[in-house]
Amino acid sequence: IDGNGEAPMAAKAASDGGEVPNQIDHAEAMRNVRLDGMWLASTEAAHYANYPEILGDRSIALTAVMQNPQVLQYTPFTDDYDIVFAAVCENGEVLKFAGDDLRRDHVIVSTAISSNPRASKFAFC
């Protein structure tokens, strides 16, 4: 409530069913990670009110790791087979960010080592 006893415009818009302030829609977030996968881990992304929803979106995370495998470490999907597989295909060293079960998985480990032989030090065999 401002000095005139009215709600600020952003609050009014939200309460009137208008656009919710400080939110990013799925399509815009997807565009951002296609251009720069690390956007998902950026302070720019984190300032959005719906950041937890964006960070937890599997399709956005998959797109982000395909663009930049290093972003795997910032996602909640380190135990997701498809997302980890996509990441290690691009850079085997990101195996170090995978969950323990996937660091034991023969296909994931083999793919990581094929992508980057140094990945072998992150495997649990």
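Is D80 buried or exposed? Select D80: this residue is buried, with a relative accessible area of 16%. Buried here stands for under 20% relative accessible area, exposed for over 50%, and partly exposed for what lies in between, with a 1.4 Å probe and protein chains only.

The model is predicted, so local features need pLDDT of at least 70 and side-chain atom pairs count only at pLDDT 80 or more, while totals for chains, interfaces and linings use all residues. Residues are numbered from 1 along each chain as its sequence is written, and side-chain values use heavy atoms, with hydrogens and water left out.

**Stop 1**

D80 caps the N-terminal end of α6, where a side-chain oxygen of D80 lies 3.1 Å from the backbone nitrogen of D82. Helices are DSSP runs (H or I, at least four residues), numbered from the N terminus.

R58 forms a salt bridge with D80, with the closest N and O atoms 2.7 Å apart. R58 lies in helix α5 (residues 58–67) and D80 in the loop between α5 and α6, so this pair ties together parts that are 22 residues apart in sequence. A salt bridge is a side-chain nitrogen of Lys or Arg within 4 Å of a carboxyl oxygen of Asp or Glu.

R58 also forms a salt bridge with D82, the closest N and O atoms being 2.9 Å apart. Here the link runs from helix α5 to helix α6, so it ties together parts that are 24 residues apart in sequence. R58 is partly exposed at a relative accessible area of 35%, and D82 is partly exposed at 44%.

**Stop 2: R118 and E93**

Move to R118, which forms a salt bridge with E93; the closest N and O atoms are 3.5 Å apart. R118 lies in the segment after α8 and E93 in the loop between α6 and α7, so the pair ties together parts that are 25 residues apart in sequence. R118 counts as exposed at 53% relative accessibility, whereas E93 counts as buried at 17%. A search of the whole structure finds four salt bridges.

In the segment after α8 (106–115), select P117 as well. At 58% relative accessibility, P117 counts as exposed. P117 and N91 are 26 residues apart in sequence, and their C-alpha atoms are 10.0 Å apart in space.

**Stop 3**

Which residues form the stacked pair? A search of the whole structure finds one aromatic pair. The rings of Y81 and F85 have their centres 6.2 Å apart and their planes at 5°, so the pair is stacked. Rings of Phe, Tyr and Trp (its six-membered ring) pair if their centres lie within 6.5 Å; planes under 30 degrees apart count as stacked, over 60 as edge-to-face and the rest as tilted.

Y81 and F85 are four residues apart in helix α6 (residues 81–90), and are separated by about one helical turn. Y81 is partly exposed, with a relative accessible area of 33%, and F85 counts as partly exposed at 28%.

**Stop 4**

Next, show the largest nonpolar core, which has 33 residues; W39, L40 and L95 have the most contacts inside it. The elements that give two or more residues to this core are α2 (26–35), α4 (51–55), α5, α6 and α8. Its largest share, five residues, comes from α6. A nonpolar core is a set of buried Ala, Val, Leu, Ile, Met, Phe, Trp, Tyr and Cys residues joined through side-chain atoms within 4.5 Å.

Centre on W39. Leaving aside neighbours within four places in sequence, W39 is in contact (heavy atoms within 4.5 Å) with I24, A29, N32, V33, E44, A45, Y48 and I54.

**Stop 5: R103**

Finish at R103, in helix α7 (residues 100–104). R103 is buried yet has no salt bridge, and the nearest side chain of opposite charge, D100, is 4.4 Å away. For charge, Lys and Arg count as positive and Asp and Glu as negative; His and the chain ends are not counted.

Where does a polar atom of the R103 side chain find a backbone oxygen? The backbone oxygen of F122 lies 2.7 Å from that polar atom. Not counting residues up to four places away in sequence, R103 touches L95, K96, A98, V109, F122, A123 and F124.

How values were computed:
A polar contact is a pair of N or O atoms within 3.5 Å; within protein, one must be able to donate a hydrogen and the other to accept it, and residues adjacent in sequence count only if both atoms are side-chain atoms.
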